[in-house]
Amino acid sequence: MNSISQTLGKSAMNIALNYLNKDPEKNIPKIVDLFMKFTFREDMKRQLLSAKEVMNDPNNPYRGLIMRAFYELDPKIRKRFLTNFVFNSGIIGQDKTAVLKVKYNCNIPWTILMDPTSACNMHCKGCWAAEYDKTDSMDYELLDRIIREGKELGIYFYIYSGGEPMLRKDDLIKLAKVHDDCVFLAFTNGTLIDDACAKELAESGNFGLAFSIEGFENATDFRRGKGTYQKVVQGMKNMKKYGAPFGFSACYHSKNAEAVGSEEFLDFMIEQGCMFGWIFTYMPLGKDADTSLLATPEQREYMFHWVRKMRDTRPLFLIDFWNDGQYVNGCIAGGRSYLHINAAGDVEPCAFIHYSNVNIKNTSLLDALRSPLFKQYAENQPFNENHLRPCPLLDNSGKLAEMVKAAGAYSTQPIDREDVDNLTAKCVQAAERWAPVAEKLWAGEMPHYLESKKKSKELQDKNLEVIKKKLKKGKKTKDSNLEAAS
């Protein structure tokens with residue numbers, strides 16, 4: 001932001017926080033009206049207006065979630081969420097990103113997922129990071145540089161994975177304090193979140209956790225080892241004690257889909273204090289991957305219906321990263337909404353796609369986004385017009401191999417250097433079995449999707465008009481400054 005916008009933004013935040021603390025139920029609509037003045041993007045204005053509609057509907061579960069956040073989270077964290085996540089990341093940052101995407105003709109993500117370390121204190125069955133070298137790590141200076149370069153591109157949301165990122169707790173909390181205008185989240189196995197750690201996270205005000213859990217005790221310990229479930233639940237209790245933000249991350253597969261997708265489990269997660277739930281499906285990475293754990297079409301369809309039902313009835317932000325493609329127009333990887341940087345520094349399009357052209361240790365973040373494999377993603381997304389088949393690996397046989405070969409990308413798995421044809425071959429049958437089920441489901445979603453897509457296109461066209469004017473104005477100003485200097 002320029003100095004005038006920055007001053008106005010701070011004033012707006014002070015007003016918004018005053019509204020929030022006085023009477024959140026009554027004043028959140030006023031905060032929305034205030035924030036509307038700070039974005040040129042029509043799609044963001046539409047999202048803000050939907051927040052007003054939520055607060056005006058006493059039966060809306062998202063209204064219940066907002067009120068849970070107000071009463072269950074520490075006041076400092078509520079303040080940081082509104083300032084950093086909603087305003088910096090959602091409005092100011094994304095406005096900047098929208099302009100730079102056009103300027104540089106490449107994807108620029110909303111968030112960056114990165115691995116501070118590949119080391120882990122556990123050995124979970126089917127872990128997507130199992131094929132990385134366990135001695136890799138990115139030092140504090142490199143992590144700091146990535147965040148600084150990201151903010152220059154309008155990125156204010158950073159997610160850590162691994163390995164177990166909380167093995168680097170001290171560095172990560174220090175980064176959260178240094179970059180107190182950003183939001184941070186770590187995927188964690190939960191075994192290291194003792195009372196002291198939870199207290200530190202709460203004190204930072206801008207650092208949350210996603211606890212990995214696979215259902216109740218038997219399902220969780222099946223993949224993660226005996227005793228893990230109890231440690232995860234205790235970690236959640238520690239976070240809740242200090243009003244620190246957290247949710248759960250669950251991977252469903254052929255042996256636990258019903259455990260993850262149960263109302264009893266979800267209600268228990270809400271009772272523990274989870275504000276969100278991120279659901280993934282098993283991916284067979286590595287030459288020795290157990291393909292029998294791939295979810296069946298019936299299980300994936302079950303999750304499709306179950307997640308939508310839960311979103312209509314539970315005060316929790318729930319996402320299914322494979323079955324929610326219709327809401328984000330397919331695959332979000334390749335820098336479109338996020339990218340992944342592993343602990344060795346390889347910049348990958350996705351946490352599940354272990355191929356790259358560049359390493360962040362010797363390139364800038366912007367140049368990585370303009371590298372061949374990321375260009376392939378930008379040119380080929382969406383990978384299927386049926387957005388219930390979003391993934392170039394799991395759902396569209398051969399698509400990933402085409403892009404990797406066209407980009408000349410290398411395998412980032414030092415343990416086995418898995419050939420892309422061998423990887424995609426493991427998913428062919430799963431893709432073929434899912435296709436007819438996805439087509440049936442998509443037929444039922446199409447009328448609503450087409451209407452939504454038409455509105456979205458209109459909003460994006462309006463955004464583009466404004467962006468082109470901004471870039472044109474910026475060029476004239478730059479030319480005038482150069483002329484004056486000469």
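**Cavities and cysteines in a predicted model**

By class, five nonpolar, two polar and two charged residues form the lining of the second largest cavity, where Ala, Val, Leu, Ile, Met, Phe, Trp, Tyr, Cys and Pro count as nonpolar, Asp, Glu, Lys and Arg as charged, and the others, Gly among them, as polar. This is a predicted model, in which local features need pLDDT of at least 70, side-chain atom pairs count only at pLDDT 80 or more, and totals for chains, interfaces and linings use all residues. Residues are numbered from 1 along each chain as its sequence is written, and side-chain values use heavy atoms, with hydrogens and water left out.

A cavity here is a set of points, on a 1 Å grid over the protein atoms alone, where a 1.4 Å probe fits but cannot get out; lining residues have an atom within 4 Å of a point. The count is two cavities of 30 Å³ or more.

The largest cavity holds about 110 Å³. Among its 13 lining residues, Ala295, Arg300, Leu394, Ala430 and Trp434 are the closest to its centre. Helix 19 contributes the largest share of this lining, three residues.

I turn now to the cysteines. The whole structure contains zero disulfides, a disulfide being a pair of cysteine sulfur atoms within 2.5 Å. For Cys106, the nearest cysteine sulfur, in Cys331, is 16 Å away.

Key:
1 Å grid on protein atoms, 1.4 Å probe; cavity = no way out; pocket = protein on both sides within 12 Å on 5 of 7 lines; lining within 4 Å. Points joined across faces, edges and corners; volume = space filled by probe spheres on them. Helix = DSSP H or I, 4+ residues; strand = E, 2+ residues; numbered from the N terminus.
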